[in-house]
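Student: I would like to learn how to read pockets and strands in a model. Could we work through an example together?

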Amino acid sequence: MHTTRSWSKRSRGRFRKVVLFVPFLLVLASVGFTSLGPSPRPPRNCPSAPGDELAALNLTMHRREVLKGCGEVCDTTTPVSYEDGWLGTSLFGTPIVRKHVDCEALWANSAIDQASSLAPRSIPAGWIPDYTMNGRVPIACQHEHSVYLGGEAIENVWTREVVDTCVAHARDRTLEGTYGQDKTTEACDRMERMAVAGKSVLVVGSERPWLECCALAAGASHVTVLEYGRIRSEHPQISTLTPEEARSQFLDRKLSFDVVATFSSLEHSGLGRYGDALNPFGDLQAVARAWCVTKPGGQLFLNVPAGKDCLVWNAHRVYGSLRLPHLYANWRPVESLHQLWRDVNVHPLQMWFRGWNLGEHSNRLIVVADRLDAP
């Protein structure tokens, strides 16, 4: 009898602890994990170098130009809603952001595609709030500069023989690609599951034709490549465009695709690394433009570095809980965000509780998303 009473007291004690802890979990879930981190503080800029002051000249005018037609796309304070969260909360839910997009104005803005030889080692002070989402995204430093925009791509002639050989390797999953056979195989598998057979595909950003080969191996009818540098394709199923050519075709109502795919490209947009002009919203504008040229019911194949949000100046961005939902605004991921993080061996708490060093990412996140109608 004494043992039974003792066990019963312990059970009641544990039960009370659980009951008291549940409301805390519900409140935690309702406000979302993103509020758990420390309060925003001004991020520390990278060390400057002689000549950096040139990037700050006419800064106000240039910012005004790149923002033309951007509207809500460039507003990273737009509320985030959560779908399929636990008990109707944001816990393990998929963040969805809906934004109005002025496609005509966004594509007509040539300042977004402007070339520049400036690649400052530090961020112009007036643009730090734009680049860091008002101080919420920290800065790490890694300076790079390789001019593509207005020049030629690394492999600027894609022969039919090279592409056909590449497609054959993609079919039997022996293609090395740019990031190794494992990542290439994963990309080809995802492309195949997207059922791109018979569909038109736009690839945004490409140094060599490996993602294009995955699309053709999966049965895509035609692949169009949008790249800063000029590429000449000799393959009948691949055509290429520079940003200027793409803008002209869109305004002439000649640009429309079933699928848009991009791999390790958007995280560089607007950082000046590849000869593009500085633009804090370059990545967001690129995906919004992709939404504009995707047919209703179309899909997005998106690959970016995943981790705790960070701007690694001027090499790339790392996408986490803050910027990623704004990157795929007006798209709904086919998989839940919890599943996506698990696929790259990331637990969400690693990001919100500062589990990584700045700029560190464990893997590259692949998001396959369905196009949502305009809000």
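This is a predicted model: local features need pLDDT of at least 70, side-chain atom pairs count only at pLDDT 80 or more; totals for chains, interfaces and linings use all residues.

Student: What is the volume of the second largest pocket?

Tutor: The second largest pocket has a volume of about 700 Å³. It is lined by 36 residues, and the closest to its centre are V204, G205, Y228, S265 and S269. Two or more lining residues come from each of strand 5 (200-204), helix 7 (211-217), helix 8 (243-251) and helix 9 (282-292).

Student: How do the lining residues divide into nonpolar, polar and charged?

Tutor: For the second largest pocket, the lining has 17 nonpolar, 11 polar and eight charged residues.

Student: Now to strands. Is strand 11 mostly covered or mostly exposed?

Tutor: In general, the side chains of a regular strand alternate between the two faces of the sheet. In this case, strand 11 (residues 310-314) is mostly covered, with five of its five residues buried.

Student: Which strands are joined to strand 11 by bridges?

Tutor: Strand 3 (residues 139-142) runs parallel to strand 11, and four bridges join them. In that pairing, A140 stands opposite V312. Strand 12 (residues 316-318) runs antiparallel to strand 11, joined by three bridges, and there V312 stands opposite H316. Strand 11 and strand 12 form a hairpin, with one residue between them.

Technical notes:
Residues are numbered from 1 along each chain as its sequence is written. Side-chain values use heavy atoms; hydrogens and water are left out. On a 1 Å grid over the protein atoms alone, a cavity is a set of points where a 1.4 Å probe fits but cannot get out, and a pocket is an open set with protein on both sides within 12 Å along at least five of seven lines; lining residues have an atom within 4 Å of a point. Grid points are joined across faces, edges and corners, and a volume is the space filled by probe spheres set on the points. Ala, Val, Leu, Ile, Met, Phe, Trp, Tyr, Cys and Pro count as nonpolar, Asp, Glu, Lys and Arg as charged, and the others, Gly among them, as polar. Buried means under 20% relative accessible area, exposed over 50%, partly exposed in between (1.4 Å probe, protein chains only). Two strands pair if DSSP finds at least two bridges between them.
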